[in-house]
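Here is a structure to look through. The questions below ask what the words used for it rest on.

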Amino acid sequence: MTRDHRHGPDDELALRAAALEAVLVEKGLLSTDQIDAIVERYERDLGPQNGARVVARAWVDPAYRDRLRADATAAIGELGFGGFEGATMVALENTPDVHNVVVCTLCSCYPWPVLGLPPTWYKSPAYRARVVAEPRSVLREFGIELPAEARIRVWDSTSEVRYLVVPQRPAGTEGMGEEALAGLVTRDSMIGTGLARSPGA
Ligand code: FE
């Protein structure tokens, strides 16, 4: 099976984008204001705060959690998130027995609509190789010590499928509302290299 990771090195992508922008503006098909608005949207509106809302909703609403399990793309779309670099999403639920962690072994495929742009370490050759070969050691370096009996599942992203880890809901959060819960959901907890924060931590 061929693996498709349809995006090149950042430099090449930036160059192609700049060339395309120049042509479209020159032909009057696009204004620089429109382009600025798109860039602003990526910087301001796309980030781990979106994924955190998905996770918090799944924690408080069992029917939503079921829909997220059945069709993550649609369930994430219900909250208004989707599109480029997130067209097919799969949610991975952590349990006491199974911890999920996400990588792109070939490049840097990442679910932009729910997590924004990938952190530098996610794109590093060291993470991409080591999290597959020795996930438990890598997680320990990120500060996660999993029980010996917990199984670690490593998921390799592609341009076709992107993953969102649903971390375990921390203890002591029973009375908390959805918005407060979302504040406990870190970016790394949705990649699997972190856990959701405990309240008050
Ligand atoms: Fe990739």
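**Cavity, helix and domains**

Q: How many cavities of 30 Å³ or more does a search of the whole structure find?
A: The search finds one cavity of 30 Å³ or more. The model is a predicted one.

Q: What makes this space a cavity?
A: It is called a cavity because a 1.4 Å probe fits there but cannot get out. The space in the largest cavity is about 30 Å³.

Q: Which residues line the largest cavity?
A: Arg-136, Leu-139, Arg-140, Ile-144, Glu-145 and Leu-146 line it. Lining residues have an atom within 4 Å of a cavity point.

Q: What kinds of residue make up the lining of the largest cavity?
A: Three are nonpolar, three are charged and none is polar. Leu and Ile count as nonpolar, Arg and Glu as charged.

Q: Which residues of helix H8 are called buried?
A: In H8, residues 125–133, they are Tyr-127, Arg-128 and Val-131. The word buried means under 20% relative accessible area.

Q: Why are the buried residues of H8 said to line one face?
A: Seen down the axis of H8, they fall within an arc of 100 degrees, so they line one face of the helix. The face turned away from them carries Pro-125 and Ala-133, which are exposed. Exposed means over 50%.

Q: What do the buried residues of H8 pack against?
A: They pack against strands S2 (98–103) and S3 (151–156), and against helices H7 (120–123), H9 (135–141) and H11 (187–191). Contact here means heavy atoms within 4.5 Å.

Q: Into which domains is the protein chain divided?
A: Domain 1 covers 12–44 and domain 2 covers 48–191. Their C-alpha centres lie 30 Å apart.

Notes: Residues are numbered from 1 along each chain as its sequence is written. This is a predicted model: local features need pLDDT of at least 70, side-chain atom pairs count only at pLDDT 80 or more; totals for chains, interfaces and linings use all residues. Side-chain values use heavy atoms; hydrogens and water are left out. Domain bounds come from an automatic or database domain assignment. Buried means under 20% relative accessible area, exposed over 50%, partly exposed in between (1.4 Å probe, protein chains only). Helices (H or I, at least four residues) and strands (E, at least two) are DSSP runs, numbered from the N terminus. The arc is that of the directions from the helix axis to the C-beta atoms. On a 1 Å grid over the protein atoms alone, a cavity is a set of points where a 1.4 Å probe fits but cannot get out, and a pocket is an open set with protein on both sides within 12 Å along at least five of seven lines; lining residues have an atom within 4 Å of a point. Grid points are joined across faces, edges and corners, and a volume is the space filled by probe spheres set on the points.
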